[in-house]
Amino acid sequence: MNKYEKIRDIGKGNYGNTILVRDRKNDHYVMKIINISQMSQKEKRQCLKEVELLSKLNHPFIVKYIESYIEGDTLRIVMKHCKGGDLYHYIQNKKKQNTPIKEKRILIWLTQILTALKFLHSNHILHRDMKSLNILIDSDKRVRLCDFGISKVLENTLDYANTLIGTPYYLSPELCKDKKYSWPSDVWATGCLIYELATFRTPFHSTKGIQQLCYNIRYAPVNS
């Protein structure tokens, strides 16, 4: 990592971690480091697909891709650093301060998120993990979608992704019925995200596991 110097850890995932780095000009970036040494060929192809996907995305409300490369047994993906952090921690800070997010701000962010999502869908891309942790805030307070590690480029708009992927609290009713992931699931998750911005919690919960959560999503009223 001679080109980049590590500043600090940001988070960890199944295959590696995400760190904040800087280059020789002292510009800051986010580097996603994926351990590919133990991956199957299919998993490696998925990683490479993520890189290819990121390189194609150019939109004001999507995190900008910088570059990627292999170093040792790791795939390293470098992206623009959003100084405002992620929406999840923004919401948690507002909750601790007992300070509601202004309706105007929510409306602005909703417009930006939906604009980015429309761009993805028009390019036959499902995000598949819409949640507050995957929405970053830039220095100008614009939000940007990130983490397309489990996105899938569809060959045509009639195709569906065969795997159920996503964060449980954002699952749509059709996923809870074991149906395939498609465009409406991204939209449903976005609705859950907006609810979270307005109330500081996701609309459906369960302390009894995924089956009870899916039942609540399909049949129970939202949290009041």
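This report walks through the nonpolar cores of a predicted model and one of its helices.

## About the model

In this predicted model, local features need pLDDT of at least 70 and side-chain atom pairs count only at pLDDT 80 or more, while totals for chains, interfaces and linings use all residues. Residues are numbered from 1 along each chain as its sequence is written, and side-chain values use heavy atoms, leaving out hydrogens and water.

## The largest core

A nonpolar core here is a set of buried Ala, Val, Leu, Ile, Met, Phe, Trp, Tyr and Cys residues joined through side-chain atoms within 4.5 Å; buried means under 20% relative accessible area with a 1.4 Å probe, protein chains only. The largest one has 26 residues, and Leu87, Ile113, Leu120, Met130, Ile135, Leu145 and Leu197 touch the most other members. Two or more residues come from each of α2 (87–97), α3 (103–122), β7 (135–137), β8 (143–145) and α5 (183–199). These are DSSP runs numbered from the N terminus: helices (H or I, at least four residues) and strands (E, at least two). The largest share, 6 residues, belongs to α3.

Let's zoom in on Ile135. Leaving aside residues up to four places away in sequence, Ile135 is in contact (heavy atoms within 4.5 Å) with Gly85, Asp86, Leu87, Ile113, Met130, Val143, Arg144, Leu145 and Leu193.

## Helix α3

The buried residues of α3 are Ile106, Trp109, Gln112, Ile113, Ala116, Leu117, Leu120 and His121. They pack against α2, β6 (125–126), β7, β8 and α5. After α3 comes His124, with a positive phi near 60°.

Note on methods
Buried means under 20% relative accessible area, exposed over 50%, partly exposed in between (1.4 Å probe, protein chains only).
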